[in-house]
Amino acid sequence: MLGAYVENVRKNTPLVHNITNYVTVNDVANVLLACGGSPIMSDEPEDVEDITSICGGLNINIGTLNQNSIKAMFLAGKKAQELGHVLLLDPVGAGASALRTNTAINLMKELSFDVIRGNISEIKTLALGSGTTKGVDADVADAVTEENLDEAVAFVKTFAKEAGCIVAVTGAIDLISDGEACYVVRNGRPEMGKITGTGCQLSALMTAFLVANKEDKLPAAAAAVCAMGLAGEIGFRHMKPEDGNSTYRNRIIDAIYHMDQETLDQGANYEVR
Amino acid sequence: MLGAYVENVRKNTPLVHNITNYVTVNDVANVLLACGGSPIMSDEPEDVEDITSICGGLNINIGTLNQNSIKAMFLAGKKAQELGHVLLLDPVGAGASALRTNTAINLMKELSFDVIRGNISEIKTLALGSGTTKGVDADVADAVTEENLDEAVAFVKTFAKEAGCIVAVTGAIDLISDGEACYVVRNGRPEMGKITGTGCQLSALMTAFLVANKEDKLPAAAAAVCAMGLAGEIGFRHMKPEDGNSTYRNRIIDAIYHMDQETLDQGANYEVR
Amino acid sequence: MLGAYVENVRKNTPLVHNITNYVTVNDVANVLLACGGSPIMSDEPEDVEDITSICGGLNINIGTLNQNSIKAMFLAGKKAQELGHVLLLDPVGAGASALRTNTAINLMKELSFDVIRGNISEIKTLALGSGTTKGVDADVADAVTEENLDEAVAFVKTFAKEAGCIVAVTGAIDLISDGEACYVVRNGRPEMGKITGTGCQLSALMTAFLVANKEDKLPAAAAAVCAMGLAGEIGFRHMKPEDGNSTYRNRIIDAIYHMDQETLDQGANYEVR
């Protein structure tokens, strides 16, 4: 039962430092407040070590990276790691540009992340780019479906083992693995793909969940995925015919605001493989 | 009938690269998703050429320009042009500062835009600043009204001819011309002026419409203007007494989310001069 | 009666230049439009002097400061001061990092602010950091309550006198003082703390209120605080059971959109000490 992990977030008010893109940053801040956490944003190299020091987790999202923020990612990451904080990487657009791919790979080399969370294309890029010579099946399809699920689970497990951290591949079906077990999550709605930033929000949420549940990182990461997907389901139920993606965005964050142990226990739709 | 252009956007899922301001960027992303397009944001010089290469159009908005993003605008613009992508300029604040005016003018000199879209003050600044010695009436009034419409249409046609691209002047009455024909659009509501970023959203929308309708750029640009204005009308009908500009913002994007051929064909309010 | 100050904002349409963080900037722009003002954002050193020159007030918020924007803050601040504009400082995160604390203190040294607005921790940091050797009670508690109100009022008055400007400490109870009188405001709701950026919005609102009421800066600042808190109360009344912090954000800005003299006169809850 994953519901207890959301209660721990509300009890612990985890402070999360976000070096993230300016597109979805407001929603990232509001979703962290909605789940019971507290957000801080800072991407200036001279500022980030101080800021990350007072937090419990660091969420690095390369969605609108620049030379300055890249420096900040490494500085903050090293400081956070030194302090034993939770470290998450959201490699937005890895594979779409050399700078993004290389930055993500270099961050993986220099830092020990607790979680890497992305879509299947981003994660495949990292799996290939990290120079693996065996095991990581780069031919895994570009969307995880019931048909290719076995293959996808094997891919995520293998990459998690190689990366030495939890890997979360999110999409229509979400896979979260530490290399041993793999949570397969079937919450969410396709309409969530029409809102910018649900992935960014999930990365922030997951960081908060891990900070508040440090002894149970894998199920806590899976709980964050279930909570976000379930919020998408709950928010959708409140949609009126004239509502579209902008209102849906609000309703999902609102549903996170009301998410509690009972709701998550009843609504989480997952299996462990 | 302009409705077919919106259907083409939904069929083609145009990928639009936005170098845009951080004020309204989230709404820009959501409106692109709402219309059936797909947004990418990147303003780091080292990143933009790769990113723009995988897109079909580039939307340059100078709303919060800085030295770094200005470099990125030129680099991305040249690459996009080389690849035959749709190029749009939104000269936010041209006339309000030397840096904005000069940046817009230099972008116009070095790049061949498909569309320049702004308010009447911004467009007048560019018309004057581009060094025209005849034809462009700098005395055109600061708002397009039914009273000065003939003069305004002539001004926009002349400037479009000189600039060698579509010019869209938006306000209470919108004018969109390629130098020959001029669409006069009377959709929209005055309350839209109380929301930040409806202009920025329109520029992004227009870029997507042109990418998906490359053979019909002028009517596609007019269709985007009608769609945005009509969304303002539809969204307004759903407003409750306690709703204000923040809710209205959501309702407009929601209305774009539901915009289809029939709705646009029935609601578009325009004439061609 | 503070209601007249909101009417003056609607009559004067104060143009406010914001150098502010990218987290809450969209809400800052929309709240300025909601109250009858007009926002401009610019944080590029080469751009800010021109931009601030056409405005009536400058709102400096260090929420996501960087080396470039810090330069811009000083340049814009000096130009705004030279032109007699309203100057407000929102020292977001002062005390959380050396860069933030030092930047805020240096801004206070080089510029004559009309208002400094922050939470009690930020204001305490500045009171200590500015090198006061007497009078400023650094032991004031970390939240203003009915129990420590006398002490907190004395602290704010003393710091306002030393800083030579209006100081506004906002929280469950808000204190606004010019060193002589102190407005004690009891509007607002605790749920406002679950939305990112209500403080940033208030700073922008306050700047607009002062620009439109230059002869009555202290009551105008108090009026802005009452208006924001009252908007929180009004917005909350329209919340449905499924609504959360994201919808609440919209409702508060919507309530500012409808705020008028009568509403503020009837709803403002304050005393002067």
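Copies are superposed by least squares on the C-alpha atoms of residues with pLDDT of at least 70 in both. The structure is a predicted model, in which local features need pLDDT of at least 70, side-chain atom pairs count only at pLDDT 80 or more, and totals for chains, interfaces and linings use all residues. Residues are numbered from 1 along each chain as its sequence is written, chains are lettered from A and ligands numbered from 1 in the order in which they are written, and side-chain values use heavy atoms, with hydrogens and water left out.

**View 1. A:Tyr22 and the rotation axis.** A rotation of 120 degrees, with a shift of 0.0 Å along its axis, places chain A on chain B with an RMSD of 0.0 Å. A:Tyr22 is the residue of chain A that comes closest to this axis, with its C-alpha at 3.6 Å. The copies use different surfaces, as 17% of the contact residues of chain A recur in chain B (contact means heavy atoms within 4.5 Å).

**View 2. Chain A on chain C.** Chain A can also be laid on chain C by a turn of 120 degrees and a shift of 0.0 Å along the axis, with an RMSD of 0.0 Å. That is the relation of a three-fold axis.

**View 3. The fold of chain A.** Chain A contains eleven helices and nine strands; these are DSSP runs, numbered from the N terminus, with helices (H or I) of at least four residues and strands (E) of at least two. Its radius of gyration is 17 Å, close to the 19 Å that the globule rule gives for 273 residues, so chain A is as compact as a globular protein of that length. The radius is taken over C-alpha atoms, and the rule is 2.2 Å times the number of residues to the power 0.38. Along the principal axes, the C-alpha atoms of chain A fill a box of roughly 45 × 45 × 35 Å. Of the 273 residues of chain A, 64% count as buried (under 20% relative accessible area; exposed is over 50% and partly exposed in between, with a 1.4 Å probe and protein chains only).

**View 4. The loop at B:Thr13.** B:Thr13 sits in the loop between α1 (3–12) and β1 (15–19) of chain B. Its phi is near 40 degrees, a positive value in a residue other than glycine. B:Thr13 counts as partly exposed, at 44% relative accessibility.

**View 5. The loop at C:Thr13.** In chain C, the loop between α1 (3–12) and β1 (15–19) holds C:Thr13. The phi of C:Thr13, a residue other than glycine, is positive, near 40 degrees. With 44% relative accessibility, C:Thr13 counts as partly exposed.
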